[in-house]
Amino acid sequence: MTEQTRDKFFGESQLFEPPGSFQEKALVSDRRLYESAQKNRLAFWASMAEDVEWMKKWDTIFEDDDAPFYRWFNGGTLNVSFNCVDRHTLTSRRNKAALIFEGEPGDSVTLTYQQLYREVNRFSSGLKKIGVQKGDRVTIYMPMIPEAIIAMLSCTRIGAIHSVVFGGFSSDSLKDRIDDADSTIVITADGGYRRGKVVPLKENTDQAVAACPSVEKVIVVKRVGNAINMDEQRDLWYHEIIKEADDYCVPEEMQAEDPLFILYSSGTTGKPKGILHTTGGYLVGVHCTFKYVFDYRDEDIFWCTADIGWVTGHSYIVYGPLSNGATVILYEGTPDYPERDRFWEMIERYRVNVFYTAPTAIRAFMRWGEDWPARRDLSSLRLLGTVGEPINPEAWMWYHEYIGLGKCPIVDTWWQTETGMILITPLPGVTTTKPGSASQPFPGIEAAILDEAGEEVEPGKGGFLVLTSPWPAMLRTLYKDPERFKETYWQQYPGKYFTGDGAMKDKDGYFWIMGRVDDVMNISGHRIGTMEVESALVDHKAVVEAAVIGKVHDLKGQAISAFVTLKEGLDGSDELVEELKAHVVKKIGAIARPDDIFFASELPKTRSGKIMRRLLRDVAEGRALGDTTTLLDPGVLAGIMEKYKS
Ligand code: WT7
């Protein structure tokens with residue numbers, strides 16, 4: 001966010017109290033949770049942990065003797081799939097819908113908790129039969145279909161560590177992630193539907209796995225029925241495995257600190273980080289935040305539109321909702337297929353009550369116009385949420401008015417892949433919200449805004465968002481890279497977690513997140529490192545050097561702009577621009593396609609040779625240049641500005 005928009009945020013913040021009718025029925029309608037956490041933070045987390053089913057209770061709530069490798073609920077044992085499935089089959093929820101799936105073409109399936117139980121048990125048993133063991137890594141590269149969730153839950157049942165890779169990533173990205181995790185199994189589908197077309201997931205998997213020696217078996221779900229290659233030695237059909245499997249598979253007794261999953265996310269280097277979450281703390285964190293932030297009610301239908309390839313899908317489609325026994329919608333496709341009212345039509349048809357989506361999507365809906373939602377009956381909605389990037393007050397107001405019909409509280413939830421769970425958020429029956437602010441830390445969470453020196457800044461002043469005490473669902477390390485874990489998160493302010501976000505706190509103690517302060521972009525709510533895109537560009541034979549920046553964009557929040565230096569004797573042409581864009585898509589995936597590519601004979605660098613992306617951002621956003629005194633050759637930048645204007 002630029003200084004200008006931030007000021008705009010502040011100037012006009014309107015207040016929205018929880019509607020009386022909402023508050024009356026809300027799970028929490030006073031400050032008691034905050035007060036109890038304030039009084040005794042660890043006792044508060046222990047009380048939250050009571051809501052999860054343990055096989056053996058923990059010995060200690062929290063251990064910090066090996067900081068920053070913290071341990072939560074150590075000595076406790078549990079199984080996540082038991083919590084998400086088995087325990088509901090022992091209550092009146094057994095015949096309640098767990099998943100309501102709708103494919104993009106319109107096909108649909110509902111699985112009750114009892115049915116989900118059967119599927120998870122059979123697939124878990126199948127995985128065991130083909131030799132998957134506790135601690136093995138399993139990569140899941142799938143469309144948004146029930147089998148994806150069944151696969152995740154089955155891994156947790158047998159203690160295998162899943163690594164879900166977003167289905168929009170290219171085969172190269174998939175390969176890097178399989179390799180880093182040393183996965184022995186990849187679970188995929190023949191394809192998935194997206195905007196009426198088939199995404200060739202199996203073909204991508206074949207290309208990736210060809211270069212991954214660790215992979216022993218590839219399991220394939222038949223989703224679209226397209227022609228694919230099946231390697232007789234290596235590939236197995238999901239439905240064949242299920243046929244041979246047993247009805248029951250004993251849930252593995254896992255230690256609270258046993259790894260649960262790895263999820264790759266971008267950082268400031270070219271190599272994605274394998275963010276590792278463990279079992280007990282993660283489940284406690286997502287369980288209680290789902291319950292209180294979304295004011296969970298047994299009769300609700302909850303819809304989170306994220307993909308299971310991102311942490312939002314892990315925490316708030318799968319583990320948070322299912323451990324609470326909630327009913328979730330799982331939708332395979334895009335919001336504009338076949339028409340731009342697909343979401344609203346589905347909300348009307350299923351009578352969805354709680355809807356959780358991203359600001360970038362809301363801005364697209366705004367652009368499409370309010371006629372689309374107006375054609376549908378959205379009166380079933382009672383609560384709305386957003387996540388992924390700062391929401392501009394205009395989009396907040398639009399969401400409030402045209403989707404929430406003026407009556408639904410909005411929870412703007414700030415968190416990260418690393419945090420596992422929502423950390424800064426309103427509680428809908430308690431918090432008076434201000435459009436554009438994620439409001440306040442969840443009970444038990446402690447956050448502060450610090451300056452470079454580690455001092456807390458005054459209200460209204462910008463600084464770095466830091467979490468000053470650990471929380472249960474925090475990442476435990478970066479897979480196979482504990483040093484990078486320490487450097488990235490714990491070095492800036494010893495003993496405190498550095499989020500990488502800039503933020504400020506206003507005089508009422510409300511947090512306003514301003515976006516990343518490192519070389520990480522936020523494109524439509526997706527995190528992409530500038531270095532990753534630069535590496536992809538430099539990988540092309542015509543390119544010598546590249547600098548990539550995130551430039552303010554109305555719809556996406558940020559868009560990718562690249563400045564590229566070509567090999568001597570080569571000229572930049574429109575064809576080359578297209579070729580380079582396609583190359584990035586091939587290396588990373590469509591989400592990383594640059595919007596613009598500019599050719600420059602040199603890039604602006606400091607005397608020590610660091611590319612000054614900050615100045616390129618100034619150029620791209622048409623601002624006066626910031627401090628240029630450290631530039632080696634100011635002429636280089638002048639040249640780029642000349643070209644940029646033309
Ligand atoms: C980054 C984390 C958490 C799931 C989705 C993204 C930004 C996230 C908000 C929000 C302002 C937000 C931050 C954060 N972000 N939610 N409500 N308001 N910014 O997960 O890919 O790990 O990205 O997304 O910059 O650091 P992620």
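Student: In which sense do strand β11 and β12 pair, and over how many bridges?

Tutor: Strand β11 (residues 217-221) pairs with β12 in the parallel sense over three bridges. Two strands count as paired if DSSP finds at least two bridges between them, so three bridges meet the criterion. Within this pairing, valine 220 has tryptophan 237 in β12 as its bridge partner. The strands themselves are DSSP runs (E, at least two residues; helices are H or I, at least four), numbered from the N terminus.

Student: What should I know about the origin of these values?

Tutor: The model is predicted, with local features requiring pLDDT of at least 70 and side-chain atom pairs pLDDT 80 or more, while totals for chains, interfaces and linings use all residues. Residues are numbered from 1 along each chain as its sequence is written, and side-chain values use heavy atoms, leaving out hydrogens and water.

Student: What makes β12 and β23 edge strands?

Tutor: The open sheet has eight strands in the order β12-β11-β8-β6-β7-β14-β15-β23, with mixed pairing. β12 (235-237) and β23 (477-478) each have a single partner strand, so one side of each lacks a neighbour in the sheet.

Student: Why is arginine 157 called buried?

Tutor: Buried means under 20% relative accessible area (1.4 Å probe, protein chains only). Arginine 157 has 0% relative accessibility and therefore counts as buried. This residue lies in helix α7 (residues 146-158).

Student: What makes the pairing of the arginine 157 and serine 81 side chains a polar contact?

Tutor: The term requires a pair of N or O atoms within 3.5 Å; within protein, one must be able to donate a hydrogen and the other to accept it, and residues adjacent in sequence count only if both atoms are side-chain atoms. The contact between these two side chains is at 2.9 Å, which falls within that limit.

Student: On which sides of β20 are residues buried?

Tutor: Both faces are covered: Ile410 and Asp412 on one side, and Val411 and Thr413 on the other, are all buried. Strand β19 (residues 383-387) runs parallel to β20, joined by four bridges, with leucine 384 opposite isoleucine 410.

Technical notes: Buried < 20%, exposed > 50% of the residue type's maximum accessible area, 1.4 Å probe, protein only.
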